[in-house]
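User: I'd like to go through this one with you, question by question. Let's have it on screen before we start.

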Amino acid sequence: MSEAKMIRPRRGKTEPGPASKPEPGARGERNSVKVVVAGHVDHGKSTLVGRLLHDTGSLPEGKREAVTEMCRRRGMPFEWAFVTDALRAERDQGITIDVSHIWFRTSSRDYVLLDAPGHREFLRNLVTGAAASDAGLLVIDAAEGVREQSRRHAFLLSLLGIGQLVVAVNKMDLADWAEGRFAAVSRDMNAYLASIGMAPARLVPVSAREGDNIAARSARLPWYVGPTILEALEGFAAAPPDTQRPLRLPVQDVYKFDARRIIAGRVEAGRLAVGDRLLFSPSGKTARITTIETWQAPARRTAEAGESIGITLDEQIFVERGEVASHAEAPPVLTDVFRARVFWLGERPLERGARYRMKCQTAESEVEIQAIDRVIDTADLSERPVAAAERDMVADVVIRARGLLAVDDYRTGPRTGRFALVDGDAIAGGGTISTEGYPDQRPLMVQKSQNLRAVSHRVSAAMRRQRTGHAGGVLWFTGLSGAGKSTIAIACEQRLFIEGYQVYVLDGDNMRQGLNQNLGFSPDDRAENIRRVGEVAALFADAGMLIISAFIAPYRSDRERARRSAERLKGAASFHEIYIEAPLAICEERDPKGLYRLARNGKISDFTGISAPYEPPETPDLRVDTAALTIEAAVERVIDYVRRNFPLGRS
Amino acid sequence: MTHLDALEAQTIHILREAFACIDRLAMLWSFGKDSQALLFMVRRAFFGHVPFPVIHIDTSYEPPEMLEFRDRIAAEWKLDLVVGRNEAALAQGMSHTRGRILCCSALKTAALRQTIAAHGFTGVIAGIRRDEEGTRAKERVFSPRDAEGRYDSRHQPPEFWDHYATEFPKGAHVRIHPLLHWTEIDVWRYLARESIPVVSLYFSQGGRRYRSLGCAPCTGTVASEASSIAEIITELEQTRIPERAGRLQDREAEDAFERLRAGGHM
């Protein structure tokens, strides 16, 4: 039987400042803050954690004695790191393999320290620890200074959304307690943080082994007037739930255990109340909240971010796991394409064209890496334009999904703007979403008019064809500004008209000056512009004409929509995607309207190819390479295509 | 939200993820304080229902108070109770006298493996906490096991925010740990707040009480006058004695518990 006795906590060897004082009889509700500890291998993370536990009187009974015994058996001096490195493999190799969670408390609140590994091999454990944390504690060896892993870890903390950082400049005892050394490391670290857009960190000179400036102020560092590590930790704030942002309730499941049909999920942002009308995305269905269900808890009419709840609705609409409920006024973005910054941990590299399963809250979808814009080596921030990202690298990518997804930009909706990528069975990466440069497709989808009835014409497609001598159709040009779309379109219009075609060019001039004069050049307006062009082209084509549309039309989804519009009318009209192709460098050199120069100088924003994306067609019906062909030859290619696909002749 | 509300919301979120993503799910139930709190939260997550079987790994060496408690709660809470025993080992007289680790491996780890295989469970919920013991501190919320139930601490999947690995090779299963982020004192405060019944062995009798429950021969008591949950909380606010101090199997070797867990122990 255990002979253990209950004893009151002792103070550590060094008298801790605000820490370790238990509050007898204190009840329940204390704040807790999660702090991830990171840093280069051998810079002393585990030692610092062991020391912090000891100096705050948080070590369990007998732990120090057990570590003394372990060290004696191995014939080595007392090792603080053994306190947390609980696995045998770690003890023998002297490195932390996995994330260890350690609890300690001060008079003001509770802490969970995540002792993350510094060995490059085990970065995914750091990610697991850091992704769940409120703040970071980075340990740097004063003598070695800022090293590869110091930079890499700081970058990852920033990527994972951890804005609060304290840096312990450790082993000051081995650096002769020199102020100059501390100042140099501080300068280096803050310069790096500035370069990745992080605020300067609070830096503290310490010796973890000796216990200087951990819980108690050190007499050996008289030139330092800032806080100890413990005081710096007390300055961290726990991340508050996102109650102030727009409502996001991802549907986790629908339960029908009894007569009730309960929609279950965790409120990730905002608030809701009984009676609110909810909009479910991407389905677009709506219903009102009838009840917030509870079990052995008081009845309630409101709920807010952070709570796992269940609700019933006034209408039995079909919604399922993966949809996101919001209020109609501030819904998530609907898109099938977005930019993302991905941290890759997969065994196989992240590749352009590869398909993965994406988990975004409760939604799972098939996605493809449409483009890899750049790969960043987080150790030195060097960038490489490569087709694949290896394990432990960060990549800026464009992700395309099979269908529409309801997402948020990470900057405005962090909890619904991040995701994990699954390769086979394994979680292989995580990322944050940027919706910049791509339109919200929700406004394009919404069918606002109701009670529509198709009018049946008494003039058939065949009769129109008899009149014009050819079938109607849309020649949908797409390509970069300067690729030659307008030049070729205008020349083709003239040639085809002379040959006998009823042909007309839709371009920026005739569309934007009238029908689309209320639209600008933001991604949303450009998408709406192209939607209207697509609808007008479809009507003209249905009327029997040959339409050439000469717009950049940079988004694949917009071109697909234009194709569907033409095909929806079910006439004889057909849709032909024609890629007027030239490399960006050549278009920029041509720069017929001087727009590239303005875009490069930052005088035009959202300029395709420079500050906004262009998505080339994957399988265009015709490809016209204007870098290789003269204008005349290019025009001839199109004319030839039209003759073959729209033969003239009144049958 | 209070601290306990936040812990509870996270646990319910994990339980619902498991229920939504795992085909054949079950929960380990030892009737200890942690699994009592967890089972209560299952009922809260699923609005009064326990929509999967609960497994008791019966070593035959547990104190009678525990089995009486099991039968009472199982009836009151309408549980689908699965009792797993390593009958072969018991028939051969397995007990702690042959070695505590050997006994634990046979009557708990192997019995669990047999039960999982017999019922074809692909996910097992377990109420372990990170603050209990070093190897548990390193656990994942969704922790994959191979076909033999083994746990490989070196190759654990990353967990990005609350996105868990829910796909596994055929034959493997996953342990789901919805209480990892709780501490011992959190659990007691929650039991008190929700008035959840616990086994009487936790309360002081003759100046001693059980702090952690297990088989009678291998589980010791600690000196304590605490005879109510409120008094236990007051006691825990001041103690520095580790929770598993009374669990003798942990002391067989420096890495005893670690080796048990690598083999698939809960």
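This is a predicted model: local features need pLDDT of at least 70, side-chain atom pairs count only at pLDDT 80 or more; totals for chains, interfaces and linings use all residues.

User: Which residue in S27(A) stands opposite A:Phe477?
Analyst: S25(A) pairs with strand S27 (residues 546–550) of chain A in the parallel sense, over 5 bridges. Within that pairing, the residue opposite A:Phe477 is A:Ala550.

User: How many bridges join S25(A) to S28(A)?
Analyst: Strand S25 covers residues 473–478 of chain A, and it runs parallel to S28(A). A:Thr478 stands opposite A:Tyr579 there. The number of bridges joining the two strands is 6.

User: What about S28(A) itself: how many of its 8 residues are buried?
Analyst: Strand S28 spans residues 574–581 of chain A. Buried here means under 20% relative accessible area. The strand is largely enclosed by the rest of the structure, because the number of its residues that count as buried is 6.

User: Let's move to the 7 strands of chain A that form an open sheet: which are the edge strands?
Analyst: The order is S7-S15-S11-S12-S14-S9-S8, with antiparallel pairing. An edge strand here pairs on one side only, and that picks out strand S7 (249–250) and strand S8 (253–255) of chain A.

User: Inside that sheet, which residue in S14(A) is opposite A:Thr291?
Analyst: Strand S12 (residues 286–292) and strand S14 (residues 308–313) of chain A pair in the antiparallel sense over 3 bridges. Facing A:Thr291 across that pair is A:Thr312.

User: A:Ser281 and A:Pro282 are joined by a cis peptide bond; what is its omega?
Analyst: Most peptide bonds are trans, and most residues other than glycine have a negative phi. A:Pro282 lies in the loop between strand S11 (277–281) and S12 of chain A. The bond from A:Ser281 to A:Pro282 is cis, with omega at about 5°.

User: A:Ala553 is not a glycine but has a positive phi; is it buried or exposed?
Analyst: The phi of A:Ala553 is about 45°. This alanine is found in the loop between S27 and helix H13 (556–568) of chain A. The relative accessible area of A:Ala553 is 2%, which means it counts as buried.

User: And B:Ser60, what is its relative accessibility?
Analyst: B:Ser60 also has a positive phi, about 75°, although it is not a glycine. You'll find B:Ser60 in the loop between strand S2 (54–57) and helix H3 (64–76) of chain B. B:Ser60 counts as partly exposed, because its relative accessibility is 36%.

User: Zooming out, what radius of gyration does chain B have?
Analyst: Chain B holds 9 helices and 8 strands, and its C-alpha trace spans about 50 × 50 × 35 Å along the principal axes. A compact globule with 266 residues would come out near 18 Å, which agrees with chain B's radius of gyration of 18 Å.

User: How far apart are the centres of the positive and negative side chains in chain B?
Analyst: Chain B exposes about 8700 Å², with carbon and sulfur atoms supplying 50% of it. There are 34 positive and 36 negative side chains in chain B, and the distance between the centres of the two sets is 2 Å.

User: Last one: what percentage of the 651 residues of chain A count as buried?
Analyst: Chain A has 16 helices and 29 strands, and about 28000 Å² of accessible surface. Among its contacts between residues at least 6 apart in sequence, 72% join residues at least 24 apart. As for burial, the share of chain A's residues is 55%.

Definitions and conventions:
Residues are numbered from 1 along each chain as its sequence is written. Chains are lettered from A and ligands numbered from 1 in the order in which they are written. Side-chain values use heavy atoms; hydrogens and water are left out. Helices (H or I, at least four residues) and strands (E, at least two) are DSSP runs, numbered from the N terminus. The radius of gyration is taken over C-alpha atoms; the globule rule is 2.2 Å times the number of residues to the power 0.38. Accessible areas come from the Shrake-Rupley method with a 1.4 Å probe; for residues, only the protein chains shown count as cover. Lys and Arg count as positive and Asp and Glu as negative; His and the chain ends are not counted. The place of a charge is taken as NZ of Lys, CZ of Arg, CG of Asp or CD of Glu. Two strands pair if DSSP finds at least two bridges between them. Buried means under 20% relative accessible area, exposed over 50%, partly exposed in between (1.4 Å probe, protein chains only). Contact means heavy atoms within 4.5 Å.
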